[in-house]
Amino acid sequence: MSLASLPPFANEPYRDFSLPENREAMERALARVRADLGRQYPLLIAGLHEPGGIHKLLSYNPSYPAELIGVHQKASADQATRAIEAAYHYFPIWAAVPAEDRAARALRAAHILRQRKDEFNAWLILESGKNWNEAEADTAEAIDFCDYYARQMLRLASPGPLLQLPGELGVLTYIPLGVGVILPPWNFPLAILAGMTIAALVTGNTVVLKPSSETPTIAAKFIEVLLEAGFPPESFQFLTGAGSEVGDLLVSHPKTRFISFTGSKEVGLHINELAAKTQPRQKWIKRVVAEMGGKDAILVDREVHDLDAAAAGVIASAFGFQGQKCSACSRLILDEPLHDAFLAKLIPLAEALTQGPADDPAHFLGPVISQRAEKTILSYIETGKQEGALLTGGHKAPGDGYFIRPAIFSGIEHNHRLFQEEIFGPVLAVTRARDFDDALRLANDSDYGLTGAVYTTNPEKIARARAEFHVGNLYINRKCTGAMVGAHPFGGFNLSGTDSKAGGPDYLLQFLQAKSIAQKLL
Ligand code: NAD
């Protein structure tokens with residue numbers, strides 16, 4: 001198989017759930033998955049399933065907190081150590097498998113996910129509280145990552161020629177690094193987990209995958225896909241448990257070669273520090289790929305083309321999946337002359353958002369992920385009431401789930417906590433800007449630098465935003481969420497991360513090292 005023999009990469013299309021056949025297929029999948037709830041899932045170490053001990057990790061549905069989704073093992077320190085050792089042991093075997101064969105397995109994983117799309121959507125709806133369309137986008141992105149990285153690996157397997165010196169044959173090849181610890185977040189429990197894992201495996205590394213404790217069942221289902229796609233069971237170890245319990249051990253183990261982390265700034269910086277310390281018997285500088293949080297701003301300029309379209313873009317960016325996206329708009333910077341008119345459009349849109357259990361497709365908004373998240377978000381809402389004016393929402397919505405009505409605060413200043421701290425929930429802070437200069441200054445007044453958007457028709461202001469708005473993913477006249485694999489390579493500046501650009505042509509290089517060989521011709 002070669003890159004030329006494959007059709008060009010294209011994003012997996014989203015299905016329209018207003019069509020009866022798609023809707024009925026999803027209803028059937030939800031019923032099938034519901035019949036499978038509460039099962040126990042083992043660990044996978046050195047190719048063998050391990051039942052674990054008495055300590056279990058229970059995963060519940062945030063829409064109906066009494067509904068048990070899956071029972072998982074809390075890996076012990078001994079199991080975590082054995083997982084690293086097993087991945088280390090198998091690394092030379094997996095690294096020797098030709099890139100074409102590894103890429104073929106990634107393509108098979110995409111194919112299997114495509115066939116099981118409804119089922120994966122259903123797990124996402126029930127375990128993470130995504131609405132139907134958000135679940136479809138998550139599954140489609142997982143398929144995209146598998147399809148895209150397979151092609152990128154084939155490209156990197158045949159790098160272009162080097163400058164050839166007289167009498168010498170010069171070659172550059174990319175070889176894998178070693179054992180990778182994969183630490184994904186819960187908010188894209190399939191797409192990001194699949195992307196991070198497939199990227200490491202397709203490049204020839206072996207991995208220890210430790211999913212988030214909030215969404216371990218989706219991870220366990222993805223493990224089934226890897227096995228079915230033909231990835232050797234020894235090439236990936238599946239370890240569930242609290243990140244805070246086995247995380248440090250995995251990160252600091254001397255045989256860990258790299259850490260691929262996506263999650264909060266606090267945990268990412270801790271991992272970065274820990275990984276920087278060379279351990280006894282460690283033979284390399286560990287590589288850390290850390291994609292972290294955001295405090296993403298949308299600027300609406302007085303020369304906006306269409307206020308309604310901008311308001312719809314802000315609503316989608318701020319409140320899609322209850323604001324629990326690293327790319328979510330949490331700061332809205334409004335140019336003074338349109339401040340009041342824009343809010344007059346925005347507030348009714350937020351108030352009209354339907355909310356309730358995510359398995360009902362009538363609901364745009366579902367729950368936040370956990371009781372702990374609910375508590376943190378509600379406490380930020382109390383802070384917001386001190387710092388600014390609550391214009392709408394911010395209270396609990398009816399139901400047993402963790403439902404919070406989308407909150408909009410005006411009068412938030414650049415030094416307020418609501419302006420600076422990632423809340424990771426449906427809370428939007430609105431700030432006035434005197435003019436475009438002021439708006440750009442405010443937008444850049446953040447430790448983060450992940451996504452941002454500007455709504456304006458003025459070409460000079462667009463040019464200034466392109467040059468001066470310091471974010472990894474800048475959007476002009478559109479929402480700041482919904483990055484597509486291949487089209488919007490994704491990753492942030494500043495304390496938003498290492499700017500790895502997932503879903504882009506450079507991403508796989510982070511899991512490889514280049515070997516340069518010069519052979520004298522005799
Ligand atoms: P988190 O930092 O709590 O956890 C992320 C992962 O790290 C989980 O698997 C967790 O179990 C693990 N972990 C926790 N403590 C650990 C430790 N001491 N050692 C090793 N691993 C440990 O983040 P989360 O709540 O799962 O996700 C939400 C965060 O992720 C938000 O800040 C969001 O902005 C960010 N995020 C960023 C991106 C991006 O691409 N930049 C994408 C999605 C989410």
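These questions and answers cover a predicted model of a protein chain with a ligand. Residues are numbered from 1 along each chain as its sequence is written. Local features need pLDDT of at least 70 and side-chain atom pairs pLDDT 80 or more, while totals for chains, interfaces and linings use all residues; side-chain values use heavy atoms, without hydrogens and water.

Me: How many residues surround the ligand?
Reply: A residue is near a molecule if one of its heavy atoms lies within 4 Å of it. The closest are Pro-184, Trp-186, Ser-264, Met-292 and Glu-422. By class, the shell has 14 nonpolar, 10 polar and 4 charged residues. Here Ala, Val, Leu, Ile, Met, Phe, Trp, Tyr, Cys and Pro count as nonpolar, Asp, Glu, Lys and Arg as charged, and the others, Gly among them, as polar. The residues around the ligand number 28.

Me: Which residue has a polar backbone atom 2.7 Å from a nitrogen atom of the ligand?
Reply: A polar contact is a pair of N or O atoms within 3.5 Å; within protein, one must be able to donate a hydrogen and the other to accept it, and residues adjacent in sequence count only if both atoms are side-chain atoms. An N or O atom in the Trp-186 side chain is 2.9 Å from a ligand oxygen. A polar side-chain atom of Lys-210 lies 3.0 Å from an oxygen atom of the ligand. The backbone atom 2.7 Å from a ligand nitrogen belongs to Met-292.

Me: What percentage of the ligand's accessible area does the protein cover?
Reply: Areas come from the Shrake-Rupley method with a 1.4 Å probe; for residues, only the protein chains shown count as cover. On its own, the ligand has 850 Å² of accessible area. The protein covers 88%.

Me: Which element gives the largest share of the shell around the ligand?
Reply: Helices (H or I, at least four residues) and strands (E, at least two) are DSSP runs, numbered from the N terminus. Elements giving two or more residues to the shell are α8 (243–252), β10 (256–262) and α9 (265–276). The largest share is 4 residues, and it comes from α8.

Me: Why does the ligand lie between domain 1 and domain 2?
Reply: Domain bounds come from an automatic or database domain assignment. The ligand lies between the two because both give residues to its shell: domain 1 (25–292 + 500–518) and domain 2 (296–484).

Me: Is Phe-321 buried or exposed?
Reply: Phe-321 sits in the loop between α10 (307–319) and β13 (329–335). Its phi is positive, near 50 degrees, in a residue other than glycine. Buried means under 20% relative accessible area, exposed over 50%, partly exposed in between (1.4 Å probe, protein chains only). At 1%, Phe-321 is buried.

Me: Which residue does the side chain of Lys-461 make a polar contact with?
Reply: Lys-461 lies in helix α15 (residues 459–468). Lys-461 is buried, with a relative accessible area of 15%. At 2.7 Å, its side chain meets the side chain of Glu-303.
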